[in-house]
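Have a look at the structure below before reading on.

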Amino acid sequence: MTNQAGIRLAVIDTDSAFLTVLGKRLDGAGWEHRVLAGSVPVEELVAMKLNALLVDLSVLGPQGWEFLEKVCGTIPGLGVLVCTSRSTVAQRVRGLRLGADDWIGKPSHPEEVMARIEAVVRRRKRAAAREDVGPLVSGELEIRPDQYQAFVSGQSIGLTRREFELLQLLAEAHGQVIEREEIYQKVWGYAMAHGDRSVDVFVRKLRQKLQRNSANWRYIHTHFGIGYRFDPEPVGTFAEPPVDLSMEAEEPREQAETVRAELARERR
């Protein structure tokens, strides 16, 4: 079978049972893949021309974190997924903040592992396709796809990779409402589970950073029960200060107040 996904994968793991089952699925899908028993120099990973790396950090011992950070920082086009067992919330957060694109807990079904790898590679390809696009300037923001960062007056506002992907998605659809499910599909790479608040949480964090660095502008607007719209407007054009509506689904009383405020604006 041909490698229709176009994926070249390396797996750093020593779990023979997991590798056997995963290997059969990868062979069946025609993926190019190889297994590594431990860390290798970054230069060797570059020479392999990979677009995805699946790593069990427990195999690497205490040096695993340093290896993860170095790989993510040195090979920006490489999709990196951690697949390990017995991890804590703190460890998962640390791994994602060091640059990992996803964290998968063991035991895990090989089909899910492959789907997550495909999702990461798709996001990377979309990002690479936009690297040659010039900066997008809107309001006081300068959004730079080549640096995965946004700037105000030349100063980075300190976005994480996922926050940047969220901002870029909204900004490229300037003025259009994007539904939460579509945002999740395009930024996270797979379907949103019922009750998942990830989009709202990341919009809230993104708004906080935008407000800290560009307090005179309101960039992201909430469409209650639907999604979000990027449409920069000076704060002075509003009759009242901007309100963070990204977590409205969690607070019924705040929902009611938000609806009343929106209706009042429309009546004006």
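## Before we start

This is a predicted model, where local features need pLDDT of at least 70 and side-chain atom pairs count only at pLDDT 80 or more, while totals for chains, interfaces and linings use all residues. Residues are numbered from 1 along each chain as its sequence is written, and side-chain values use heavy atoms, with hydrogens and water left out.

## A three-stranded sheet

Here's an open sheet of three strands, ordered β10-β12-β11 and paired antiparallel. The edges belong to β10 (177–179) and β11 (217–223); each has a single partner strand, so one side of each has no neighbour in the sheet. On average, neighbouring strands here are turned by 30° against each other, direction ignored.

Strands are DSSP runs of E with at least two residues, helices are runs of H or I with at least four, and both are numbered from the N terminus. Two strands pair if DSSP finds at least two bridges between them. β11 and β12 (residues 227–234) are joined by six bridges, and H221 sits opposite R229 in β12.

## Helices across the sheet

Helix α7 (residues 161–172) lies across β10, β11 and β12, at about 75° to β12. Helix α9 (residues 198–213) lies across β11 and β12, at about 160° to β11. Angles run from 0 to 180 degrees between N-to-C directions, using axes fitted to C-alpha atoms, for helices over the stretch in contact (heavy atoms within 4.5 Å).

## The cysteines

How many disulfides are there? The count is zero, taking a disulfide as a pair of cysteine sulfur atoms within 2.5 Å.

C72 is buried, at 9% relative accessible area, and C83 is buried too, at 1%. Buried means under 20% relative accessible area, exposed over 50%, and partly exposed in between (1.4 Å probe, protein chains only).
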